[in-house]
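These are my notebook entries on a structure that I am consulting for the first time. I record below what I looked up, one topic at a time.

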Amino acid sequence: MTLGGGRTALGEVTTHNIKQLKKLNSVVFPVSYNDKFYKDVLQAGELARLAYYNDVVVGGVCCRIDLSEGQRRLYIMTLGCLAPYRRLGIGRLMLDHVLQYVEKDGSFDSIFLHVQVNNESAISFYQKFGFSIVETKPAYYKRIEPADAHVLLRAEQKTLRKTNEEQVNHPTVNGTMSNGPTTNNSNHHNPHQHYNGRAK
Ligand SMILES: CC(C)(COP(=O)(O)OP(=O)(O)OC[C@H]1O[C@@H](n2cnc3c(N)ncnc32)[C@H](O)[C@@H]1OP(=O)(O)O)[C@@H](O)C(=O)NCCC(=O)NCCS
């Protein structure tokens with residue numbers, strides 16, 4: 001694909017390029033991710049991608065599947081682009097990849113992520129793609145200001161039909177839209193806590 005005069009592409013994350021993802025994330029995000037995070041990213045298959053602009057790594061996206069609260073949700077852990085390469089469609093390229101994955105899978109209730117409440121560019125970006133703020137978690141982050149996080153969520157239309165038996169046992173998850181986490185449940189688990197003790 002050609003964007004802003006440059007060639008863009010997505011590529012897999014491998015042991016050969018994972019250091020580039022680490023470097024990129026350390027520049028783009030105010031939080032640091034531990035070795036377990038990157039170990040899991042190497043196993044994530046299509047849920048992790050590097051974004052290239054003229055063969056240079058300029059972005060990265062890492063997701064994982066969250067099965068808490070009786071739902072199947074895709075959690076975007078990181079999606080970022082180097083500042084000089086923003087507004088060229090790199091973020092869209094990465095998010096489209098995620099949206100296609102979810103559509104192809106057909107069994108996700110929603111896609112969600114956390115953003116710092118002052119991250120206006122990310123909020124505008126995600127709103128453009130149908131995400132909305134469904135919750136604000138006070139003091140979600142440690143050691144960064146502001147510490148509050150919005151939860152951004154996009155409900156998905158499940159396309160996979162459940163069996164009759166499943167529909168009887170779980171009548172509320174039979175292929176309809178999910179409302180997602182709309183509560184102010186302060187005990188809601190923090191999907192980032194596996195991966196760093198510092199901020200998220
Ligand atoms: C959020 C982020 C990934 C967007 O990446 P990007 O490559 O600049 O986004 P795109 O160029 O694909 O933008 C797609 C659309 O999103 C919207 N958008 C993106 N950035 C925006 C901004 N700063 N202000 C308003 N709208 C914005 C626009 O509608 C844009 O389309 P347009 O350029 O045709 O108007 C980037 O700003 C970033 O890396 N931020 C730091 C990391 C981060 O906060 N990630 C989010 C938490 S995981």
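**Entry 1: Arg 92**

I looked up the exposure of Arg 92 and found that it counts as partly exposed, because it has 17 C-beta neighbours inside 10 Å, whereas a buried residue would need 20 or more. I note that the model is predicted. I located Arg 92 in helix 3.

**Entry 2: the ligand**

Which residues are closest to the ligand? I found Arg 92 again in this group, together with Arg 86, Gly 91, Ser 121 and Ser 124, within a shell of 21 residues. The elements that give two or more residues to this shell are strand 5 (73-81), helix 3 (90-105), strand 6 (110-116) and helix 4 (120-128). By residue class, I recorded 10 nonpolar, 7 polar and 4 charged residues in the shell.

I next followed the strand pairing. Strand 3 (residues 48-53) pairs with strand 4 (residues 56-66) in the antiparallel sense, over 6 bridges. In this pair, Arg 49 stands opposite Val 61 of strand 4. The two strands form a hairpin with 2 residues between them, and I noted a positive phi of about 50 degrees for Asn 54 in the turn.

Strand 4 also pairs with strand 5, in the antiparallel sense and over 8 bridges. Here I found Cys 63 opposite Ile 76 in strand 5. The hairpin of strand 4 and strand 5 has 6 residues between the strands, and Glu 69 takes a positive phi near 55 degrees in it.

Terms used
Residues are numbered from 1 along each chain as its sequence is written. This is a predicted model: local features need pLDDT of at least 70, side-chain atom pairs count only at pLDDT 80 or more; totals for chains, interfaces and linings use all residues. A residue is near a molecule or strand if its C-beta atom, placed from the backbone, lies within 6 Å of it. Helices (H or I, at least four residues) and strands (E, at least two) are DSSP runs, numbered from the N terminus. Ala, Val, Leu, Ile, Met, Phe, Trp, Tyr, Cys and Pro count as nonpolar, Asp, Glu, Lys and Arg as charged, and the others, Gly among them, as polar. Two strands pair if DSSP finds at least two bridges between them. A residue is buried if 20 or more other C-beta atoms lie within 10 Å of its own, exposed if 12 or fewer, and partly exposed in between; C-beta atoms are placed from the backbone.
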